[in-house]
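Please look over the model below before reading on.

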Amino acid sequence: MTQIFAAPGRYIQGYQELQRLYRHIAWFGQRFLVITTQGRLESLRQTLALSFDSPDLSLHYAVFDGEVTRAEVQRLHQLQQTLACDGVIGVGGGKVLDAAKAVAARARLPLCIVPTVVSNDAPTSALSVLYHAEGGFDDVLFHERSPDVVVVDTHVIAQAPVRLLVAGIGDALATYYEARTCVQGQHDNFLGLAGGGLQSTAGGGKPTLTSMAIAELCHRVLCEDAVQAVRACERNVVTKALNRVIEANALMSGIGFESNGVASAHAVYCGFSELGVRATAFHGEYVAFGTVVMLVLEGAPAQELDALLRLCLAVGLPVCLADLGLADISDHELQRVAEVAASPQQTSRVEPFEVTTWEMRAALLAASDLGEFYKKGGSVLTTSGGQCPASATSRG
Ligand SMILES: [Zn+2]
């Protein structure tokens with residue numbers, strides 16, 4: 001058995017840390033390629049000018065065109081070759097970061113990742129999700145190395161729309177449950193696949209005790225701090241609770257999913273992405289609802305479902321199809337979501353039983369119904385707190 005664990009070379013999180021970026025990556029060299037979005041370009045230029053303040057240093061900016069396609073990666077890579085940079089810095093959301101990872105990997109250059117939102121697991125992982133120009137999913141590129149340096153500026157995160165932090169909490173909430181399923185089934189994680197895509201026949205590595213402990217800690221932090229963190233972010237202030245949730249979203253969930261693997265919650269996300277223009281929610285929002293679906297599918301204990309639904313409601317994560325803008329989902333659409341989520345190419349295959357389309361469809365409907373029920377104040381727990389009186393008595 002081969003166990004593999006991955007993490008970024010350095011993870012740095014601090015208030016206004018972007019202003020100190022250079023000191024964390026001085027070892028890269030003197031010429032840096034900064035990949036970012038048009039909207040962020042000017043303010044970034046001003047901030048980085050303070051940190052990279054030396055005539056020996058040069059920053060070259062490349063504006064990301066909005067989609068991580070093979071052509072876009074090729075274009076950015078050619079730009080880097082022309083400019084002969086010593087290192088790559090990706091600044092932005094998940095897609096910009098995935099593009100920067102792909103460029104650095106192809107050029108075999110050191111990479112610094114600066115997430116401006118913590119809405120998904122992109123910052124620390126060694127993979128890039130590729131899309132076709134028209135937006136459909138293409139493949140996953142697995143890289144040999146995790147990002148060398150990840151710098152999270154908590155001030156920047158607290159200024160971003162709160163819905164993005166909440167979506168990140170959704171993605172991070174799935175981490176523990178999916179890790180548990182993968183570890184119990186002794187499935188492969190996402191490591192050891194470098195050079196191949198999703199269809200690669202190379203096996204991944206098995207999870208470690210360390211990666212599972214990180215997934216558990218991720219869950220504990222969210223249960224304790226998510227509500228306070230969301231409220232702080234709504235006020236654009238950084239508190240200890242928000243600081244911990246940023247670490248859970250960016251670092252713990254990132255390591256947790258990559259080094260343990262994912263299961264049905266992410267398969268449900270892939271199912272919803274099939275709806276194309278009808279799929280308007282964020283990745284983490286589908287994953288949060290997908291986690292409720294997964295617990296229903298697995299027949300998880302009532303207390304677990306109850307805790308998950310309460311947390312989702314408390315932070316504003318979707319708990320039903322209506323919350324995902326799909327109150328009017330047709331039978332045909334629902335069938336398509338279920339078909340894709342239950343297909344053998346999807347990560348629902350790691351469940352310890354065969355997941356059929358009809359079981360997935362049932363879990364989607366039952367989860368949505370439970371969500372509606374909770375929104376009206378309902379609970380799956382009875383007055384005995386979900387505990388069978390007979391077992392309580394027998395324990396004295
Ligand atoms: Zn995810």
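Gln16 lies in the loop between strand E1 (10-14) and helix H1 (21-25), where helices (H or I, at least four residues) and strands (E, at least two) are DSSP runs numbered from the N terminus. The model is predicted, and local features are given where pLDDT is at least 70, side-chain atom pairs count only at pLDDT 80 or more, and totals for chains, interfaces and linings use all residues. Residues are numbered from 1 along each chain as its sequence is written.

**Positive phi in loops**

- The phi of Gln16 is near 55°, which is a positive value in a residue other than glycine.
- Gln16 counts as exposed because it has 12 C-beta neighbours inside 10 Å; a residue is buried if 20 or more other C-beta atoms lie within 10 Å of its own, exposed if 12 or fewer, and partly exposed in between, with C-beta atoms placed from the backbone.
- Asn236, in the loop between helix H7 (209-234) and H8, likewise is not a glycine and yet has a positive phi of about 60°.
- Asn236 is exposed, since 12 other C-beta atoms lie within 10 Å.

**Helix H7**

- Glu216 has its place in helix H7, and it is partly exposed because 16 other C-beta atoms lie within 10 Å.
- Although Glu216 and Tyr176 are 40 residues apart along the chain, their C-alpha atoms are separated by 5.7 Å.

**Helix H8**

- Helix H8 (residues 240-260) bends by about 35° at Ala248, the bend at a residue being the angle between axes fitted to the seven residues ending there and the seven starting there.
- H8 is mostly covered, with 18 of its 21 residues buried, and just after H8 the residue Gly261 takes a positive phi of about 110°.
- Asn243 is found in H8 and counts as buried, because it has 20 C-beta neighbours inside 10 Å.
- Leaving aside residues up to four places away in sequence, Asn243 touches Thr154 and Val238, where two residues are in contact if their C-beta atoms, placed from the backbone, lie within 7 Å.
- The C-alpha atoms of Asn243 and Ile255, which are 12 residues apart along the chain, are separated by 17 Å.

**Packing of H3 with H4**

- The axes of helix H3 (residues 70-83) and helix H4 (residues 94-107) come within 9 Å and cross at roughly 55°; axes are lines fitted to C-alpha atoms, for helices over the stretch in contact, and angles run from 0 to 180 degrees between N-to-C directions.
- H3 and H4 are therefore oblique to each other, given that angles under 35 degrees count as roughly parallel, over 145 as roughly antiparallel, 65 to 115 as roughly perpendicular and the rest as oblique.
- On the H3 side the contact is made by Glu72, Val73, Leu76, His77 and Gln80, and on the H4 side by Ala99, Ala102, Val103, Arg106 and Ala107.
- The residues of this contact of H3 with H4 divide into six nonpolar, two polar and two charged, where Ala, Val, Leu, Ile, Met, Phe, Trp, Tyr, Cys and Pro count as nonpolar, Asp, Glu, Lys and Arg as charged, and the others, Gly among them, as polar.

**Packing of H10 with H13**

- The axes of helix H10 (residues 283-298) and helix H13 (residues 357-375) come within 8 Å and cross at roughly 115°.
- H10 contributes Phe289, Val292, Val293, Val296 and Leu297 to the contact, while the residues from H13 include Glu359, Met360, Ala363 and Gly371.
- By class, the contact of H10 with H13 has 11 nonpolar residues, one polar and one charged.
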